[in-house]
Amino acid sequence: MNGNHLADKLAQTGNLSDEELTEVLLSEDPALGGYLAAKAREVRERVYGKDVYIRGLIEFTNYCRNNCYYCGIRSGNAHADRYRLDEEEILSSCSSGYALGFRTFVLQGGEDPYFTDERMISIVSAIKKNWPDCAVTLSVGEREKESYQKLFDAGADRYLLRHETADPGHYRMLHPEAMSFEHRMQCLQNLREIGYQVGCGMMVGSPGQRAEHLLKDLRFLQEFRPEMVGIGPFIPHRETKYADYEAGSVNLTLRLLSVIRLLLPEVLLPATTALGTVDPKGREKGILAGANVVMPNLSPTGVREKYLLYDNKICTGDEAAECIRCLTARISGTGYRIVKSRGDHITEDSFDNASDTLMPEVEGATALGTDGTALPQDKV
Ligand code: 5AD
Ligand code: FES
């Protein structure tokens with residue numbers, strides 16, 4: 001069957017059969033990607049206009065009790081240079097982020113037992129007290145429901161916990177016995193019940209992944225209907241057993257971004273750092289495939305090269321101000337625009353709630369050109 005016909009059907013009905021979705025996933029037809037992206041852009045513009053939301057990512061600890069086989073900061077990596085930010089350092093990152101226009105802070109870290117409920121509550125409530133107009137997103141892995149509830153009560157608004165794979169057998173290939181597929185899924189249910197805006201997602205091209213796994217992932221997303229979905233290509237890290245595996249495909253990631261936008265029109269969908277790492281124009285391509293969020297790094301520069309989930313990560317040497325300037329230019333080159341707002345998930349009946357506050361002109365942004373091609377070489 002003609003690929004464009006599948007894209008039309010997906011756009012019109014919001015769904016495809018298993019066979020049809022598999023055909024889209026496996027398609028080698030370059031025209032299909034472009035056509036799907038155009039359909040995905042139509043849908044994202046109907047819901048979110050041209051707005052792209054920014055999230056200030058604060059990677060506050062790279063200690064982790066887990067040993068996920070693909071991840072550079074897994075507990076078994078004795079060569080990882082471990083660090084933690086204290087509350088003061090986290091608040092100082094928020095403060096510079098606020099001045100740069102961020103209205104969402106994402107606290108991301110490994111599963112670090114040092115960050116007890118008490119310490120996390122103190123951090124979350126301090127951020128909400130200092131910047132009440134900001135959203136706090138947590139991305140600190142699996143915790144008990146009572147813990148998630150306490151952090152929500154302290155003011156956390158959103159939670160990112162990628163499901164990684166919706167197939168239990170594939171999950172086992174990626175995670176050691178000490179971790180459980182059922183517990184991860186239970187965590188997502190708990191987060192939803194408590195009232196968080198919930199994000200899940202998977203890597204594209206992770207070791208052992210086949211089209212049938214991605215199909216399961218898509219069916220899971222349709223059923224769970226998360227407010228946010230984070231996907232990016234798998235990228236090997238040299239200190240893992242998957243060091244010699246190939247990175248995930250850029251084109252498949254882009255096709256999946258478009259499909260996810262068409263399956264879940266209102267989803268908040270980032271063009272991830274991993275996508276920007278495997279392709280110098282990855283984030284721009286992601287936006288043009290239907291993504292509507294970017295997550296520049298707000299961590300202090302001193303710790304950035306230590307938060308390495310995979311090799312060759314971009315932006316580890318750049319100040320937050322530099323990243324926002326760079327991204328503003330890159331996004332404006334796509335015809336979309338970064339806006340300064342919390343960028344909450346909106347539902348079909350509240351489309352007009354989309355905030356339109358444009359980012360103030362960032363000095364130097366226009367000098368970089370608008371099509372992204374004029375960026376200095378070290379940025380592309
Ligand atoms: N390549 C790409 N993404 C990775 N992640 C972890 N390790 C890698 C890797 N090697 C992703 C996981 C995790 C998120 C924070 O980063 O999906 O949930
Ligand atoms: Fe960090 Fe371009 S986004 S330097």
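The model is a predicted one. One open sheet has six strands, and another has three. The largest nonpolar core holds 103 residues. Ligand 1 has a shell of nonpolar, polar and charged residues.

**The six-stranded sheet**

- The strand order in this open sheet is S2-S3-S4-S5-S6-S8, and the pairing is parallel.
- S2 and strand S8 (228-229) are the edge strands; each has a single partner strand, so one side of each lacks a neighbour in the sheet.
- Strands of a sheet pair through backbone hydrogen bonds, in either a parallel or an antiparallel way.
- Strand S2 covers residues 56-61, and five bridges join it to S3 in the parallel sense.
- Two facing pairs can be picked out here: Leu57 has Val106 of S3 as its bridge partner, and Glu59 has Gln108 of S3.
- Strand S3 spans residues 104-109, and six of its six residues are buried.
- Thr104, Val106 and Gln108 lie on one side of S3, while Phe105, Leu107 and Gly109 lie on the other.
- Both of these faces are covered.

**The three-stranded sheet**

- This open sheet runs in the order S10-S1-S11, again with parallel pairing.
- S10 and S11 are its edge strands, and each pairs on one side only.
- Helix H14 (residues 320-332) packs on this sheet and touches S1, S10 and S11.
- The direction of H14 makes about 130° with that of S11.
- Strand S1 takes in residues 51-54; Asp51 and Tyr53 point one way, and Val52 and Ile54 point the other way.
- These four residues of S1 are all buried.
- Three bridges tie S1 to strand S11 (residues 337-339), and the two run parallel.
- Across that pairing, Asp51 faces Arg337, and Tyr53 faces Val339.
- Two bridges link S1 with strand S10 (residues 293-294), also in the parallel sense.
- On the S10 side, Ile54 stands opposite Val294.

**The nonpolar core**

- Which members of the largest core touch the most other members? They are Val52, Phe105, Val136, Val259 and Ile260.
- Val52 also belongs to S1, where it is buried.
- Phe105 is a buried residue of S3.
- Beyond its neighbours up to four places away in sequence, Phe105 touches Gly56, Ile58, Cys94, Gly97, Ile127, Cys134 and Val136.
- Val136, a contact of Phe105, is itself among the core residues that touch the most other members.

**The shell around ligand 1**

- Twelve names make up the surroundings of ligand 1: Tyr70, Cys71, Arg162, Glu164, Met203, Gly232, Phe234, Ile235, His237, Ala274, Leu309 and Tyr310.
- By class, eight of these residues are nonpolar, two are polar and two are charged.

**Phe224 in helix H9**

- Phe224 sits in helix H9, which covers residues 211-224.
- Is Phe224 buried, exposed or partly exposed? Phe224 is partly exposed, because 17 other C-beta atoms lie within 10 Å.
- Leaving out neighbours within four places in sequence, Phe224 is in contact with Leu188 and Cys200.
- Phe224 and Lys145 are 79 residues apart along the chain, and 18 Å separates their C-alpha atoms.

- Most residues other than glycine have a negative phi.
- Asn312 is not a glycine, yet its phi is positive, at about 60°.
- Cys315 also has a positive phi, near 70°, and is a residue other than glycine.
- Where does Asn312 lie? Asn312 is in the loop between helix H13 (301-304) and H14.
- Cys315 is placed in the loop between H13 and H14 too.
- Asn312 is exposed, because 12 other C-beta atoms lie within 10 Å.
- Cys315 is buried, because 21 other C-beta atoms lie within 10 Å.

Note on methods: Residues numbered from 1 in each chain as written. Chains lettered and ligands numbered in written order. Predicted model: local features only at pLDDT ≥ 70, side-chain atom pairs only at ≥ 80, totals over all residues. Core = buried A, V, L, I, M, F, W, Y, C linked by C-beta atoms within 7 Å. Buried ≥ 20, exposed ≤ 12 C-beta atoms within 10 Å, placed from the backbone. Contact = placed C-beta atoms within 7 Å. Pairing = 2+ DSSP bridges. Near = placed C-beta within 6 Å. Nonpolar A, V, L, I, M, F, W, Y, C, P; charged D, E, K, R; others polar. Axes fitted to C-alpha atoms, helices over the stretch in contact; angles between N-to-C directions.
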